[in-house]
Amino acid sequence: MTEGSIRALLDRMRAELATLGGAQRYFHSVYLRTTEAVAAEIERGGFADGDWVRRWDLAFATLYLDALDADRAGRPVTQPWQVAFTAARDRPDLPPLQHVLLGLNAHINFDLPQALIAVISPDDFDDAAILARRDADHRHVDVVLQARVSAEARELGAVSRVGLLDRLLRPANRAASRRFLAEARAKVWHNTRVLDQARRARTYDTVLAELERLCADRVRDLVAPGPVLLKLARRGFGVRLPR
């Protein structure tokens, strides 16, 4: 994957942002900034295999951008994104953080295992040395994302109506966000291994459909009334496929 592909991806995301309005901008803005951070870390040489991370990043982002394009054109999208996109249109009253969490949930829990499967072959899964590098880079993305939590809290705070209680809870919210991201990515790695086994057993579509159902249920739960962060603390951010 060439560096030009990452630049093209970022250009596409910036162009899409310019056309989005209302609550649709919240997740997209966060995702654009984190994609820029991952691109900078690739340039810095922070990953064990920067070329692989470029291929993964492009595959991952394309799943979201294609879903966004399909939804805006009135074409069907997967269930987790359907819930998130509908909430962005119909529930602008929800806090910006909640809209971000809806998008993150759909993208990390459902799209990320598919992106990893696209760039980790069965042979790679069977090669302990290669898989260790892939796992290390997958975990290093956590470091990049966690470094963005405080900055993203400030960005969301600038567009949110917050009361005294919200301000008092901000440090706890940032700590919770870091914990949720780490927990979700651990489950994503597990789900990717399950999808790899399904790919070999020719049951991939069936297992992916189960993952879609689980993810959609989790996003619906986050749309329902009630404190989002408390729901996540009680039930976790990620979903887990049975082996």
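Start with the whole chain of this predicted model. Among contacts between residues at least 6 apart in sequence, 77% join residues at least 24 apart. Colour by secondary structure next. The chain comes to 10 helices and 0 strands. From the N terminus on, the elements read α-α-α-α-α-α-α-α-α-α. The chain exposes about 11400 Å², and carbon and sulfur atoms supply 54% of that. Of the 243 residues, 50% count as buried.

**Stop 1: helix 2**

Select residues 24-44. This is helix 2, with 21 residues. At 1.5 Å a residue, helix 2 should span 30 Å; the end C-alpha atoms are 31 Å apart, so the two values agree. How many residues of helix 2 are buried? The count is 15 of 21, and the helix is mostly covered. Step past the end of helix 2 to glycine 45. Its phi is positive, near 85°.

**Stop 2**

Select residues 50-72, which make up helix 3. Show the side chains of tryptophan 56 and phenylalanine 60. The chain has 8 aromatic pairs. Tryptophan 56 and phenylalanine 60 form a stacked one, 5.5 Å centre to centre with 20° between the planes. Both residues lie in helix 3, 4 residues apart, about one turn of the helix. In an α-helix there are 3.6 residues a turn, so residues three or four places apart point the same way. Are tryptophan 56 and phenylalanine 60 buried or exposed? Both are buried.

**Stop 2**

Tyrosine 64 has a relative accessibility of 2%, so it counts as buried. Tryptophan 81 is at 1%, so it counts as buried too.

Which residues does tyrosine 64 contact, leaving aside neighbours within four places in sequence? They are Phe27, His28, Tyr31, Trp81, Phe85, His107 and Asp111. Now select the aromatic cluster. Its members are Phe27, Tyr31, Trp56, Phe60, Tyr64, Trp81 and Phe85.

**Stop 3: aspartate 71**

Stay in helix 3 and move along to aspartate 71. Its relative accessible area is 14%; the cut-off for buried is under 20%, so aspartate 71 is buried. Show what surrounds this side chain. Not counting residues up to four places away in sequence, aspartate 71 touches Gln24, Val77, Phe85 and Arg89. Phe85 was also a member of the aromatic cluster at the last stop.

**Stop 4: helix 5 and its kink**

Select residues 96-119. Helix 5 has 24 residues and reaches 32 Å from its first C-alpha to its last, close to the 34 Å expected at 1.5 Å a residue. Where is the kink in helix 5? Look at aspartate 111, shortly before proline 113; the kink there is about 40°. Asp111 is also among the contacts of tyrosine 64. Helix 5 is mostly covered, with 21 of its 24 residues buried.

**Stop 5: the largest nonpolar core**

The largest nonpolar core holds 64 residues. Which of them touch the most other members? Pick out Trp56, Tyr64, Trp81, Leu116 and Leu211. The largest share of this core comes from helix 5, with 10 residues.

**Stop 6: arginine 202**

Go to the loop between helix 8 (164-201) and helix 9 (204-223), and select arginine 202. Its phi is near 60°, a positive value in a residue other than glycine. Is arginine 202 buried or exposed? At 78% relative accessibility, arginine 202 counts as exposed.

**Stop 7: leucine 241**

Finish in the segment after helix 10 (228-235), where leucine 241 is found. Its relative accessibility is 3%, so leucine 241 counts as buried. Leaving aside neighbours within four places in sequence, the residues in contact with leucine 241 are His190, Asn191, Val194, Leu195, Val207, Glu210, Leu211 and Leu214. Draw a distance from leucine 241 to glutamate 210, C-alpha to C-alpha. The two are 31 residues apart in sequence and 7.8 Å apart in space.

Conventions:
Residues are numbered from 1 along each chain as its sequence is written. This is a predicted model: local features need pLDDT of at least 70, side-chain atom pairs count only at pLDDT 80 or more; totals for chains, interfaces and linings use all residues. Side-chain values use heavy atoms; hydrogens and water are left out. Helices (H or I, at least four residues) and strands (E, at least two) are DSSP runs, numbered from the N terminus. Buried means under 20% relative accessible area, exposed over 50%, partly exposed in between (1.4 Å probe, protein chains only). Contact means heavy atoms within 4.5 Å. Accessible areas come from the Shrake-Rupley method with a 1.4 Å probe; for residues, only the protein chains shown count as cover. The expected span of a helix is 1.5 Å times one less than its number of residues. The bend at a residue is the angle between axes fitted to the seven residues ending there and the seven starting there. Rings of Phe, Tyr and Trp (its six-membered ring) pair if their centres lie within 6.5 Å; planes under 30 degrees apart count as stacked, over 60 as edge-to-face and the rest as tilted. A nonpolar core is a set of buried Ala, Val, Leu, Ile, Met, Phe, Trp, Tyr and Cys residues joined through side-chain atoms within 4.5 Å.
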